[in-house]
Amino acid sequence: HFYGSYFRYRIDAGWYQKLGIKTYGFSPIQLPPDLVFSKLYHNHNERIPIAGFQWGLETFFEAVRRFAV
């Protein structure tokens, strides 16, 4: 299960966009299908599974590597 989202506000990208600079966000996280992410997101006990975070790091670095080549 892959969770994707778009954070339009409260990130630096909003300030860049006002200057006409295009910005892109990419925060890959792999979550188990039975996990209800909305119950954890911005909650008093916000967290993600370590395996999903590690998968996200590998995916992020691979995307940067492919983009930079």
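This is a predicted model: local features need pLDDT of at least 70, side-chain atom pairs count only at pLDDT 80 or more; totals for chains, interfaces and linings use all residues.

User: Ok, which residue does Arg65 form a salt bridge with?
Analyst: Arg65 pairs with Glu62, and their closest N and O atoms are 2.7 Å apart.

User: And where do those two lie?
Analyst: Both Glu62 and Arg65 sit in helix α2, which covers residues 50-68. They are 3 residues apart, about one turn of the helix.

User: What about the salt bridge of Arg66, who's the partner there?
Analyst: Glu62 again: its side chain meets that of Arg66 at 2.8 Å, N to O. This pair is also within helix α2, with a spacing of 4 residues, again about one turn.

User: Which residues end up in one network, then?
Analyst: Glu62, Arg65 and Arg66, joined by salt bridges that share partners.

User: Switching to accessibility: is Arg66 buried or exposed?
Analyst: Arg66 has a relative accessible area of 60%, so it counts as exposed, the cut-off being over 50%.

User: And what do Glu62 and Arg65 count as?
Analyst: Glu62 is partly exposed, because its relative accessibility is 28%. Arg65 comes out at 47%, so it is partly exposed as well.

Definitions and conventions
Residues are numbered from 1 along each chain as its sequence is written. Side-chain values use heavy atoms; hydrogens and water are left out. A salt bridge is a side-chain nitrogen of Lys or Arg within 4 Å of a carboxyl oxygen of Asp or Glu. Buried means under 20% relative accessible area, exposed over 50%, partly exposed in between (1.4 Å probe, protein chains only).
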